[in-house]
2 protein chains.
Amino acid sequence: MALEHAILVSLTERAGSGYELARRFDRSIGYFWPATHQQIYRVLRRMDEAGWVTHQEIAQDGRPDKKVYEVSDAGREELTRWLAEPVEPAILRDGLGVKLRGASLGDTSAVLREVERHRAHHATRLEVYRGIQRRDFPKPDKLNGRELHQYLVLRGGIRAEESFVAWCDEVIQAMRSERTS
Amino acid sequence: MALEHAILVSLTERAGSGYELARRFDRSIGYFWPATHQQIYRVLRRMDEAGWVTHQEIAQDGRPDKKVYEVSDAGREELTRWLAEPVEPAILRDGLGVKLRGASLGDTSAVLREVERHRAHHATRLEVYRGIQRRDFPKPDKLNGRELHQYLVLRGGIRAEESFVAWCDEVIQAMRSERTS
DNA sequence: AGATGCAGTGCAACTCGTTGCATAGGTATG
DNA sequence: CATACCTATGCAACGAGTTGCACTGCATCT
């Protein structure tokens, strides 16, 4: 339901091809709404048919042609319509929780190693987000409008990853002290 | 991929019908791995065909017959196999982030109200989790094995919801002080 | 010379999850 | 008395997301 709207938001910020959008999703919006290039191409076509975007074919030399998409008036209307409408609250879905809950039915030390692996993963991601924060938003108090909103979204990512890392630490500590006791 | 394993974990704790599993998912495991009854019925049938579970038809009066499922040896093997294997780290996917990022293209005060709504939702959920914690795990230091793991999973839910609520508060505060400045 | 990676679009097949509906008797609520 | 909800299972259709593959051509690394 919302990939269309994530694309509309991104395209409103600036026009781009499917490929470029996929890159952008990898590096910013996709941290909060992941999507593959396949999905993006398919949805872009649908949006084109629905008249929410228009495209221009651009010939390039050395590289394949690209279709650069732009948001149409209908697309902007759809976006404002959607913005006024409620969205589902985020749902947590973490396989690590399932695993942890079943840990005593298998090798608990393997599960512990898995928690450590996830901790490392989330810590890395957290560092990436903090890097973006330092580079792009050194003075958060001065922000307004779109920039403020982008900053706040990033804050959500940072908080989520911080909370994951802290949880992993709690789990690791509890499981270790259980083994040694 | 993991619904099978979530069901195996739940059925290992105790046997049950598809319907009972759906209720259980609503009240415990499902907080970390949501599933509808439809999904559960379908997957249970697959698991039965694969030999991971067995079922017994139980006739009841006044109510429809039910099939009570139990984990087989093959199911237990599969579960231990899966426990030793890595799982994907959780991915954040929050439509509210998309909306916030596009807020300046529509009615920002509507988006603000939406954030407030999400805050209330996550706060309610947080209170539910904290209630479970108080009732089921009043002395967390004394826990071992399966109980410890269940507690730690619940801690993950609590941390996640705390982090959501705190994020919503940060967003609300920032958007309000922007409007008045 | 060969492998890998990037830019660019796309098809086909599949799994996963959601929604609406059907059936059926029992119990509670207004 | 009618409405609605609970237990209990399930089909059918759809939408969303994933995986694997195909084609082209340039640049870079080994």
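Copies of a chain are superposed here by least squares on the C-alpha atoms of residues with pLDDT of at least 70 in both. On that basis, chain A can be laid on chain B with an RMSD of 0.1 Å by a turn of 180° and a shift of 0.0 Å along the axis. The two copies are thus related as by a two-fold rotation axis.

This is a predicted model, in which local features need pLDDT of at least 70 and side-chain atom pairs count only at pLDDT 80 or more, while totals for chains, interfaces and linings use all residues. Residues are numbered from 1 along each chain as its sequence is written, and chains are lettered from A and ligands numbered from 1 in the order in which they are written.

**Contact between the chains**

- Chain A places 62 residues in contact with 62 residues of chain B (two residues are in contact if their C-beta atoms, placed from the backbone, lie within 7 Å).
- On the side of chain A that touches chain B, at least two residues each come from α1 (3-13), α4 (73-83), α5 (95-101), α6 (108-136) and α7 (145-180); helices (H or I, at least four residues) and strands (E, at least two) are DSSP runs, numbered from the N terminus.
- The most is given by α7(A), with 19 residues.
- This side of chain A has 31 nonpolar, 18 polar and 13 charged residues, where Ala, Val, Leu, Ile, Met, Phe, Trp, Tyr, Cys and Pro count as nonpolar, Asp, Glu, Lys and Arg as charged, and the others, Gly among them, as polar.
- The copies meet through the same surface, because 100% of the interface residues of chain A are also interface residues in chain B.

**Surfaces near the DNA**

- Around DNA strand C there are 19 residues, the closest being S17(A), G18(A), Y19(A), K66(A) and G62(B); a residue is near a strand if its C-beta atom, placed from the backbone, lies within 6 Å of it.
- Two or more residues of this surface come from each of α2 (18-27), α3 and β3 (66-71) of chain A and α3 of chain B.
- The surface near DNA strand C divides into 6 nonpolar, 9 polar and 4 charged residues.
- Near DNA strand D, at least two residues each are supplied by α3 (37-50) of chain A and by α2 (18-27), α3 (37-50) and β3 (66-71) of chain B.
- By class, the surface near DNA strand D has 6 nonpolar, 9 polar and 4 charged residues.
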